[in-house]
Amino acid sequence: MIEIRNLSKTYNQHQALSSVNLRISTGIFGLLGPNGAGKSTLMRIMATLMKPSTGDVFIDSLSINAHPEKVRRMIGYLPQHFHVYPQLTPIEILDYVGVMKGLTNKQERKEQILHWLHEVNLTSKANDKLKTFSHGMKQRVGIAQAFMGNPKLIVLDEPTVGLDPEERLRFRNLLSKEALNKSILLSTHVVTDIESSCYELAVLKKGELILDATVDQLKERACGKVWEGIVPPGYLENLAEDTILSSEHRGTTIHARVLAEEKPFNGAVMLDPNLEDGYLALLGGTSS
Ligand code: ADP
Ligand code: MG
């Protein structure tokens, strides 16, 4: 069990996190929020790379403030920008991380390295230097190193950026397999990443936690508010941009999907909301 208690972070004068409280149990937990919401700040604190201004995080009752070294071994972390020396190979990077995670037995370390490289489909590149890798391949090395040492908590900051559709699918399957016996916290600003792998999620906006709910509960935020149809000429020009979910030219007419409390125009049909609708309804519905 992971417990985030009253966590705040101020950079100079700027409040990046304000009194965040959250409990995360086993499984995949999504952290959603626009750019600048504080997702990476929260994750860096959880990974013990940065101290909070106030508050604490407990990993199985162990405080990150009181026991950062112990906690560090219980956490795997993929930063938003995973930079490593271009001269190193995946095996060398994973070996280093394994040592850091307390895997002192060389044979055990080797087995884990081969296992995780296989899981991210990099076995054939195990001894190639990272400077020859594409962005997606580096990202997969980053994912593999986060799992080294079988940590209790895996913190992945925007892990799907740079992955192609096939790699995303592989990644999703890896997460669902691993989530049976650990907590995986996954941040993203891409709603579909959450929809396809998480059951629970939290939404950060300007440093504040504005939602802690299930995926279905977030969808419900837009219940009765999603409308679609052929819009009258000039209609979209007068709408706030964050209420236009999509619009499409079909011949001489425009079909649009919009958020509205009531039937917005003649012929509009109410639709069941998807997660993105719920997310946009939530963001638009809180003071900005
Ligand atoms: P997210 O990951 O959700 O995009 P961040 O945690 O990166 O958000 O940033 C949250 C806020 O804190 C932003 O306004 C950002 O500009 C600011 N911020 C992040 N890191 C620093 C830093 N090292 N120094 C000053 N301000 C920062
Ligand atoms: Mg970020």
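## Domains of the predicted model

The C-alpha centres of domain 1 and domain 2 lie 38 Å apart in this predicted model. Domain 1 covers residues 2-218 and domain 2 covers residues 224-271, with bounds that come from an automatic or database domain assignment.

Residues are numbered from 1 along each chain as its sequence is written, while chains are lettered from A and ligands numbered from 1 in the order in which they are written. Local features need pLDDT of at least 70 and side-chain atom pairs count only at pLDDT 80 or more, whereas totals for chains, interfaces and linings use all residues, and side-chain values use heavy atoms, with hydrogens and water left out.

## The shell around ligand 1

## Contacts and cover

Lys-39 places a polar side-chain atom 2.8 Å from an oxygen atom of ligand 1, and for a side-chain N or O atom of Ser-40 the distance to a ligand oxygen is 2.8 Å. For Thr-41, a side-chain N or O atom lies 2.5 Å from an oxygen atom of ligand 1; a polar contact is a pair of N or O atoms within 3.5 Å.

Taken alone, ligand 1 exposes 560 Å², of which the protein buries 63%, with areas from the Shrake-Rupley method and a 1.4 Å probe.

Note on methods. A polar contact is a pair of N or O atoms within 3.5 Å; within protein, one must be able to donate a hydrogen and the other to accept it, and residues adjacent in sequence count only if both atoms are side-chain atoms.
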